[in-house]
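Thanks for making the time this morning. I would like to walk you through one structure, starting from a single residue and then widening the view.

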Amino acid sequence: MPELPEVEIRRQYLETSSLYQPIRHIEVEDKKLLTTDYTTLSERLTGRQFTGTQRVGKNLFVFTDHPDVIVHMHFGMTGDLEYYHASLDRPRFARIVFEFEGDFNLGFLCPRKFERVGLIDNVDAFLRRKKIGKDGLDIAPAELAERVRAKKAVIKPVLLDQSVVAGLGNWIVDEVLFQARVHPEHRANTLTDEEMTRLHEAIRLVLETAIRYEATYRDFPSSFLIHVREWDDSPYDDVEAHKFCPRCGTRIERSTVGGRTTFFCPQDQPLPV
């Protein structure tokens, strides 16, 4: 599922490929993927140009040369973008295509049809309406502490709550808690100042690392917990090494917290008594 790092990579891709090209036509294979009716979408975007982007959490906003016409993209579980020349075949699963003057197209790929595209007129109003909090890369330490400590639940589902901090998915939260040495069942309202500082630093570390390596998990540092999930090749020579804590060597435990599969080190992330 595209998380904050993957959406940031897509944002950068769109900015480097698709700005300042007048939109000639929008082809939509399945109109159920639109949150704005097709006629309105087409009328308001035809002839306009993309001029910039903003990402908040997992949401991508694409600005146009009209201040009140903003495209909102949500990548669902498997969404992606592909920029290609009109002389080539339409990419597989490109169910929404922005066709530009100059014979280049931007395909919005929707393999499982959970993705969505629509128009909004104000980003801040949209975020308030959807109760989306400050982005994980933008939230200040004091604001993070205030939002987290306002919750009496255990910390893992609190960090997954997009109204607390936007963009942290399941594996990211596990990694953040591991890097911060905080147990996933630690009560959010009892975190110390030192623990909150470590959490804030860990959020930036994990997100910036994932963006830097373009979410290619095998390239992540060997000091990261993510390798225990076996989503990609292990960076270790020992085929069993990824199952143990890279800091203390304790076997990583797997449990369910807040209904989500959770990995943590029982030695390095102790639960307060």
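Let me begin with Lys131, which counts as exposed because its relative accessibility is 64%, where exposed means over 50% relative accessible area, buried means under 20%, and partly exposed is in between, with a 1.4 Å probe and protein chains only. Lys131 sits in the loop between helix H3 (123-130) and helix H4 (141-149), and its phi is near 55°, a positive value in a residue other than glycine. As background, most residues other than glycine have a negative phi.

Before going further, a word on conventions: this is a predicted model, in which local features need pLDDT of at least 70 and side-chain atom pairs count only at pLDDT 80 or more, while totals for chains, interfaces and linings use all residues. Residues are numbered from 1 along each chain as its sequence is written, and side-chain values use heavy atoms, with hydrogens and water left out.

Now the wider view. The protein has 7 helices and 10 strands, these being DSSP runs numbered from the N terminus, with H or I of at least four residues for helices and E of at least two for strands. Its radius of gyration is 21 Å, close to the 19 Å that the globule rule gives for 273 residues, so the protein is as compact as a globular protein of that length; the radius is taken over C-alpha atoms, and the rule is 2.2 Å times the number of residues to the power 0.38. Along the principal axes, the C-alpha atoms fill a box of roughly 60 × 45 × 25 Å, and buried residues make up 50% of the 273 residues. If we take contacts, meaning heavy atoms within 4.5 Å, between residues at least 6 apart in sequence, 62% of them join residues at least 24 apart.

What does the side chain of Gln179 reach? It reaches the backbone oxygen of Ser223 at 3.3 Å, and the criterion for such a polar contact is a pair of N or O atoms within 3.5 Å, where, within protein, one must be able to donate a hydrogen and the other to accept it, and residues adjacent in sequence count only if both atoms are side-chain atoms. Leaving aside residues up to four places away in sequence, Gln179 touches several others, among them Ala202, Leu205, Phe224 and Arg247.

Just after H6 comes Arg181, with a positive phi of about 60°, although Arg181 is not a glycine. Arg181 belongs to the loop between H6 and H7 and, at 39% relative accessibility, counts as partly exposed.

Finally, the loop between helix H7 (193-212) and strand E9 (253-257) holds Thr216, which at 21% relative accessibility counts as partly exposed. The C-alpha atoms of Thr216 and Asp233, 17 residues apart along the chain, are separated by 10.0 Å. Asp238 also lies between H7 and E9, is partly exposed at 46%, and has a side-chain polar atom 2.9 Å from the backbone nitrogen of Glu240.
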